[in-house]
Amino acid sequence: MNKVILIGNLTKAPECGKTEKGINYARFSIAVNRDYKDANGEKIADFFNVVVWRQLAELCFKYLDKGRKVCIIGSIENRTYENKDGQKINTYDIKADEVEFLTPKTDNETTTTENKQNVDISKLEQVNDDDMPF
């Protein structure tokens with residue numbers, strides 16, 4: 001069984017796109033704090049790349065932004081691809097099946113959401129599925 005549950009904060013706003021076949025996706029990363037500190041007493045965090053698909057991708061792009069806390073439920077996917085220099089790269093992504101938005105929206109955060117609502121996701125540049133590392 002491959003099941004992951006993570007709670008963390010977005011490190012930057014989600015990036016979204018559409019595959020050649022017209023499937024929406026969004027990518028973002030989250031920082032998840034460990035339950036212990038390092039020798040200097042500072043918090044330690046792990047960083048995870050997350051990918052979401054279809055309608056969930058649209059919702060994440062529309063409503064999430066840097067710093068927002070989310071709960072991700074999904075699975076780990078190991079991908080191998082060749083970069084521009086011909087090197088094989090191994091990468092691990094979290095394919096999210098569920099994303100729960102944990103940070104409540106406040107009145108002063110409407111500008112970012114309103115700006116994102118004006119982006120027509122259907123007009124985003126399409127990418128070749130073969131070029132996708134996930």
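The model is predicted, so local features need pLDDT of at least 70 and side-chain atom pairs count only at pLDDT 80 or more, while totals for chains, interfaces and linings use all residues. Residues are numbered from 1 along each chain as its sequence is written, and side-chain values use heavy atoms, with hydrogens and water left out.

**The sheet**

Select strand 5 (residues 69-82) and strand 1 (residues 4-10), which pair antiparallel over 6 bridges. Strands are DSSP runs of E, at least two residues long, and helices are runs of H or I of at least four, numbered from the N terminus; two strands pair if DSSP finds at least two bridges between them. G8 stands opposite V70 in strand 5.

**The aromatic pair**

Select Y25 and W53. They form a tilted aromatic pair, 5.7 Å centre to centre with 50° between the planes. Rings of Phe, Tyr and Trp (its six-membered ring) pair if their centres lie within 6.5 Å; planes under 30 degrees apart count as stacked, over 60 as edge-to-face and the rest as tilted. Y25 lies in strand 3 (residues 24-37) and W53 in strand 4 (residues 43-53), so the pair ties together parts 28 residues apart in sequence. Y25 is buried at 9% relative accessibility, and W53 is partly exposed at 23%. Buried means under 20% relative accessible area, exposed over 50%, and partly exposed in between (1.4 Å probe, protein chains only).

**Helix 1**

Next, select helix 1 (residues 54-63), whose buried residues are L56, A57, C60 and F61. They cover an arc of only 135° around the axis, which puts them on the same side of helix 1; the arc is that of the directions from the helix axis to the C-beta atoms.

**Salt bridges**

The whole structure holds 5 salt bridges, each a side-chain nitrogen of Lys or Arg within 4 Å of a carboxyl oxygen of Asp or Glu. Select D46 and R34, whose closest N and O atoms are 2.8 Å apart. This pair links strand 4 to strand 3, 12 residues apart. Then select R79 and E77, also a salt bridge; R79 is partly exposed at 30%, whereas E77 is buried at 18%.
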